[in-house]
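Student: Please show me the model, and then we can go through two parts of it.

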Amino acid sequence: MSESFDIKKWFKNPEELLVISGPCSVESREQLLATAEGLSKIEKVKVLRGGIWKPRTRPEAFEGIGEEGLTWMQEAKERFGFQTMTEVAVPEHVELALKYGIDVLWIGARTVVNPFSVQELANSLKGCDISVFVKNPIAPDVKLWLGAIERLGSVGLTNIGAIHRGFSSTEETPYRNAPVWKIPVELKRLRPDIQIITDVSHICGCRELLQETAQKALDFGTKGFMIETHYNPEIALTDANQQITPESLRKALNKLIIKKVKVDADETILNNYRKEIDEIDDELLNLISKRMKISEKIGEFKKEHKVTVLQMDRWKSVLENHINKGNNLGLNEESVKEIFEIIHKDSIDRQM
Ligand code: PEP
Ligand code: MN
């Protein structure tokens with residue numbers, strides 16, 4: 001690990017993939033130092049994370065070691081040259097983290113949902129030159145995520161990053177917090193200045209999905225990772241199922257295929273495909289516009305004959321038909337459904 005790594009420099013020039021790792025919770029001096037020692041052998045890991053105050057669902061669970069753990073973080077920083085990072089949820093956490101020389105803070109998914117809490121944190125950070133990462137809120141709401149980033153920006157913080165850690169979902173998924181890639185993509189579109197990294201540990205909730213999820217994140221242009229590690233994950237007090245050993249992390253990082261944003265070679269082939277896509281998109285837009293005009297005529301007819309705008313039987317059969325046709329064309333069923341739901345909603349709105 002290069003000793004001169006400085007997160008502030010990374011924010012200015014985020015060329016290199018940022019790898020943050022360390023235990024879910026700081027449990028003991030031995031546990032933190034053993035884990036940090038393992039991580040110090042991985043050149044790519046620059047920031048040591050460790051939860052000092054843990055937001056737990058039920059109150060009887062381990063809620064973090066508290067202030068004492070910060071002294072161990074400081075020791076790990078001095079011994080191995082890491083930058084250190086912890087979660088803050090209330091101003092008192094900020095005060096203590098600063099007192100013990102923590103370099104980077106993150107605001108957790110449960111805190112980001114509450115603008116009052118985020119504002120209090122922002123107020124307590126006013127005038128500090130510290131780097132802060134904002135995890136996505138547990139609900140897939142890009143505005144709430146954006147709002148938290150704006151609150152931190154408005155007190156003068158300049159090194160603000162975002163962490164995609166997946167979202168709660170009522171649907172059954174193999175993930176603990178299912179990734180919704182379009183949300184970080186939208187955040188990046190709205191705020192190209194904000195670097196987004198991916199917390200694959202809290203997305204997956206298990207070790208088995210980590211590798212493929214990390215690769216997927218790279219394909220979506222992630223600028224780095226947060227991955228939980230423990231020298232002995234089985235005995236971890238929190239998130240035992242998803243933590244990996246530093247050695248497994250080293251192997252996983254080596255297996256990743258790092259993708260570039262720009263092609264080095266001649267881009268003619270790619271540009272020709274893009275031209276074709278642009279033409280097809282044009283056609284699609286023209287067709288949608290044509291469809292909406294017909295839909296408006298149908299709306300007039302319905303008004304004249306006093307029939308309801310929403311015709312459930314017709315909608316059901318349209319959707320079923322399109323899904324079947326889509327299936328035959330090798331299209332993703334969920335996507336076809338979503339596309340037509342949006343088109344149908346727009347048609348209905350026009351007829352109201
Ligand atoms: C964590 O990183 O340990 C954590 C609690 O994360 P999240 O806020 O994403 O649940
Ligand atoms: Mn955790």
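Student: At roughly what angle do the axes of helix α12 and helix α14 cross?

Tutor: This is a predicted model, in which local features need pLDDT of at least 70, side-chain atom pairs count only at pLDDT 80 or more, and totals for chains, interfaces and linings use all residues. Residues are numbered from 1 along each chain as its sequence is written, chains are lettered from A and ligands numbered from 1 in the order in which they are written, and side-chain values use heavy atoms, with hydrogens and water left out. Helices here are DSSP runs of H or I with at least four residues, and strands are runs of E with at least two, numbered from the N terminus. The axes, lines fitted to C-alpha atoms over the stretch in contact, with angles from 0 to 180 degrees between N-to-C directions, come within 8 Å for α12 (residues 268–304) and α14 (residues 333–351), and they cross at roughly 45°.

Student: How do the residues of the contact of α12 with α14 divide?

Tutor: Contact means heavy atoms within 4.5 Å. Among the residues that meet are R291, E296 and K302 in α12 and D346 and R350 in α14. With Asp, Glu, Lys and Arg as charged, Ala, Val, Leu, Ile, Met, Phe, Trp, Tyr, Cys and Pro as nonpolar, and the others, Gly among them, as polar, the division is 3 nonpolar, 4 polar and 6 charged.

Student: Is Q243 buried or exposed?

Tutor: Q243 sits in the loop between β8 (224–228) and α11 (246–255). Buried means under 20% relative accessible area, exposed over 50%, and partly exposed in between (1.4 Å probe, protein chains only). Q243 has a relative accessible area of 0%, so Q243 is buried.
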